[in-house]
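Here is my note on the model you sent. Please read it with the structure open beside you.

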Amino acid sequence: MAASGAMALAALKIGGRVAFERLMRPKARRAEDVPCSPGAVTPEWLTAVLCQRSPGAVVTDVVVKPASAGTHERHQLIVRYNDAGQRAGLPRSMFTKSLPSVVTRMIGGFNGTARVEGRFYMQLRPQLEIEAPIGYHAAFDRQTYASILLLEDMVATKSATFCNYKTYVDREMAEDMVDVLAALHARFYGDSELSARYPWVASYPRWFTIGAEKMSLEHYTRKAFDAAAHVIPKSVLAQRDAVWPAAVQALAVHDNEPQGLIHSDVHIGNWYRTGAGKMGLCDWQCLARGHWSRDFSYAVTAALTPDDRRNWEKDLLRRYLDRFAALTGTRPDFDRSFLNYRQQMVHALLMWTITLCHSPLLPAMQSEATTLAMIERISTAMADLDSLRS
């Protein structure tokens, strides 16, 4: 009840602020301003945040085009520069992720995920040798929960195609996904500086526990088991009371083993494929410090068809461990790693139970078709590998 009350108060505060912004239509002009919506973006503001390292460069015009909406709203910016800006090769097309509405600020601002993602792109992304978008600027207002992130237009720069639950992930794509994850996890593996220098990256147990309380995760997971019963295998349905204890138990590996940087939301919809055929990873708002098996388990179970996952999962795990060992000098035991893979599936499932059933104060984060497809794939893997008894 306390979590619901806090959420309701936040919704009232945010609602008042958004109403004020829509009435007054404030504009962002200085670098320190946080645009309340893409409509508040001006050439002056873009000049301040994009041109500071290019002497004489000025943004002369910007056109805002709507793209999509979910936990954030996405808009495309078509930017024009003076001659100096054009010579500097500054980006002419980019995408924004912003929180202009009550529902987006509730999920991205109130929960803090927008702030974390912005910091990732500005502070950590430059240190990673993986395929992921470049961030040009990030800003967040702690008082109003307004946020904006300027991101590379991957279609323009790399002819990218974004994936969804209908995308067939073949063996080559799956192997490339595994390689991306190994490179991500290896970069800060066991590095105490990760928590010391970047304290805003929460440990996965803390990230999960706080989020579970705010979102009433256990309650809505029970509701989701009813709503999705037709796609969940009978053996998993019969063990539904074991799901929450299994999730709590699966947190132990994140405390007991060396941590690294994990994405935490590696479902197929957060992957893209470049024109050169390389897999890339976007949407970093669920970033945490934790054990690599969290991402590996989620990616394999959510991206692959059940038959392909059954046929490839052990080979993909061996490939991951080979890449991880080459990058870190540490090779985790295969049998222990496979056990971790089985146990972490329940956390992948909980990302989608809360998507299917959630507080009415939160927006619909994915389509029902996407959500049910993810629940079916992950719960089928749990049934195949008896993960609730692992």
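**Notes on the predicted model**

1. Start with Arg377. Arg377 sits in helix α17, which spans residues 368-384. Keep in mind that this is a predicted model.

2. Is Arg377 buried or exposed? Its relative accessibility is 13%. Buried means under 20%, so Arg377 counts as buried.

3. Next, what surrounds Arg377. Setting aside neighbours within four places in sequence, Arg377 is in contact with Tyr165, Ile268, Thr301, Ala302, Ala303 and Leu304.

4. Val231 and Arg377 are 146 residues apart along the chain. Their C-alpha atoms are separated by 8.8 Å.

5. Now helix α10, residues 217-227. Which of its residues are buried? They are Leu217, Tyr220, Thr221, Ala224 and Phe225. These residues lie on the same side of α10, because they cover an arc of only 150° around the axis.

6. What do the buried residues of α10 pack against? Their partners are four helices: α9 (204-215), α11 (234-237), α12 (243-249) and α16 (334-356).

7. Last, a surface feature. Phe20, Leu23 and Met24 form a nonpolar patch on the surface. Together the three residues have about 340 Å² of accessible area. One of them, Met24, belongs to helix α1, residues 2-24.

Terms used. Residues numbered from 1 in each chain as written. Predicted model: local features only at pLDDT ≥ 70, side-chain atom pairs only at ≥ 80, totals over all residues. Heavy atoms only, no water. Helix = DSSP H or I, 4+ residues; strand = E, 2+ residues; numbered from the N terminus. Buried < 20%, exposed > 50% of the residue type's maximum accessible area, 1.4 Å probe, protein only. Contact = heavy atoms within 4.5 Å. Patch = residues over 30% accessible without salt bridge, like charges linked within 9 Å, V, L, I, M, F, W, Y side chains within 5 Å. Areas by Shrake-Rupley, 256 points an atom, 1.4 Å probe, with all protein chains shown as cover. Salt bridge = Lys/Arg side-chain N within 4 Å of Asp/Glu carboxyl O. Arc of directions from axis to C-beta.
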